[in-house]
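Biologist: I'd like to go through this one with you. Can we put it on screen and talk about the charges?

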Amino acid sequence: MLLLIVAILVYIYLLIPYLLISWLKFIHQKRQLKKQRLEDHKESFWNEKRKKIIISLAILTSVASFTVYTTQRIKWMGDDNGNLKAKNYYVSGQVLNAFRAILTNFIHPEIPIMAPLHGLQWAIYNKGIKQLPADDGEIGIWQNQWFHNHYSKKNRKELFLRNSKPTKTFRTRLDQWWFSLESMATGSYADKQMEEEHYYLDYTSLALSYLLKHGFYAHHKAGSAHSLALIPKHVERSRLLSNWLWELQGKWNKSQNTLDFLNKNPKLEAMYLTVLQHMLIRYFQGTINQNRFSCDDVSIQRYVKARKQFVEPEEGRPAYKRMRNIKEANRLLDWSVDNPNSRSMRYVLGHYCGIAVVGDENNSKYASWAKHDGQTPDQEAEDRAKLNFYDEIIILESQFND
C-alpha cells in the first residue's frame, strides 16, 4: 500500500508539470492562429498524443518505482539482514527518497513544493521505526538518509536565513541531526550490513554538518565557538561527539569492507580526522571556560594522535595526500593545521602543558601584518593565536599562574 501511495504521488509530481507546460503551449498556439487570422483548428487539448504521453508517464512511474523497490528489497531483506518487519517500510521509503534525491539535486529541500514529499517520508519513517527495537541504531540511519543527506550533498544553507540568524525550524533540524548522531553511535545493530554501509560510512558527513552548523544554537554562526563554550549542554555534546568519533575508527578497523573502502576513498579518513580534531577543540574550549581544563585529560592525547595521524601517520602516506582532489585536500590540511582554532589549540598545549603537536603552520601569510606591527611573522602568528582564545587565555593564566 505504501509503495502504491508513493508511486501515485511521484506520478502526480511528473504529471502536473507536463500538463501545465502542455496547456501553456496549447494556449500560445491558439493565440498565434488568432493573430494570423487563420481558421481556428478544432483539435481538443485532450488529443490522442497527450493521452498516450499521460499513460506512458504512468507506466514509467510504475516500472521505475517497482524496479527501485525490488532492488532495495533484494539488498535489505536477505537472509543475513535484520529487522525484516521494519524493512518493509524502509524499502518503500527508499523509493520515495530516490525521487526526492533527484529533485534536490536541482532545487532546495525547503522549497514549499517539496512539502508533500517530505510529509509522506516522515509518515513512512514514523510508522517504520515503530517496528524497530528502541535501542537499534538503524533509527538514526533512516533519519540521516532521508532527512540530512539532501542538505549535505550540496552543503545547503538554510533557505530563509536572514542576517545569519537561524529560524526555529533550523534549530529543530540541528536537534534531529544530533538525534541521528547519538542513535547511530550508541545503538546496537541487528542488521550488520546496515551498520557497515550506513553507520560506518555516513557518520562523518553528518558529524561534519553538525560541526559546521551547530554554532546556530548560539543564534549566530561566525564567532560562535566561544558562545557555545559557555553553554554546559553544548560542551557536553562536544565531549560525547568527540568520544563517538574516536570509537568509530576502532569499529572501522574491525571491518575489512570498511578498510577496503577507506583505501579507495581516502577523503573519508581525512575528513574524519579533521572533524574529530575540531570537536575536541570545542570540548577543550568548554573545559577551559568551566575552569576544569587539565593537561592530563585523555582527550588531549586523542587530539595529539588525531593530528599526527592526519599530518604524518605511522605507516603510509597521509590520507589527504592520497586524495585526487588537490583543492579539497589542501582545504582539509588548512583546517587541521592553519585554522585559527587549531593554531590556538597548539599554543595552549605547548605553552601550558608542554605538549608539542605535529604540523607546520604557514606563518608567511601574516608577513604584511607582522611588518606593520614591527615583528616577525612567527611572532604575529602567535599573537593572533592568543587573541583568538582571548577569554580562554585569561582563564588559563589564572589557572597556571604558578
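Modeller: First, the term: a salt bridge is a side-chain nitrogen of Lys or Arg within 4 Å of a carboxyl oxygen of Asp or Glu. The model is predicted: local features need pLDDT of at least 70, side-chain atom pairs count only at pLDDT 80 or more, and totals for chains, interfaces and linings use all residues. Residues are numbered from 1 along each chain as its sequence is written, and side-chain values use heavy atoms, with hydrogens and water left out.

Biologist: How many salt bridges does that rule give?

Modeller: The count comes to 15. Arg239 and Glu236 form one, at 2.6 Å from N to O.

Biologist: Is Asp191 buried or exposed?

Modeller: Asp191 is buried, at 0% relative accessible area. Lys87 is buried too, with 0%. Buried means under 20% relative accessible area, exposed over 50%, partly exposed in between (1.4 Å probe, protein chains only).

Biologist: What about Lys267?

Modeller: Lys267 bridges to Glu328, with 3.2 Å between the closest N and O atoms. That pair links distant parts of the chain, 61 residues apart: helix 11 (residues 266–289) holds Lys267 and helix 13 (residues 326–338) holds Glu328. Lys267 is partly exposed at 37%, and Glu328 is partly exposed at 25%.

Biologist: Switching topic. Which residues make up the negative patch on the surface?

Modeller: Asp373, Asp378, Glu382 and Asp383. Patch residues have over 30% relative accessible area and no salt bridge, with like charges joined within 9 Å and nonpolar side chains (Val, Leu, Ile, Met, Phe, Trp, Tyr) within 5 Å. Asp and Glu count as negative, Lys and Arg as positive, with His and the chain ends not counted.

Biologist: Which helix gives the most?

Modeller: Helix 16 (residues 377–388), with three residues. Asp373 lies in helix 15 (residues 367–373).

Biologist: How many helices and strands overall?

Modeller: There are 17 helices and zero strands.

Notes: Areas by Shrake-Rupley, 256 points an atom, 1.4 Å probe, with all protein chains shown as cover. Charge placed at Lys NZ, Arg CZ, Asp CG, Glu CD. Helix = DSSP H or I, 4+ residues; strand = E, 2+ residues; numbered from the N terminus.
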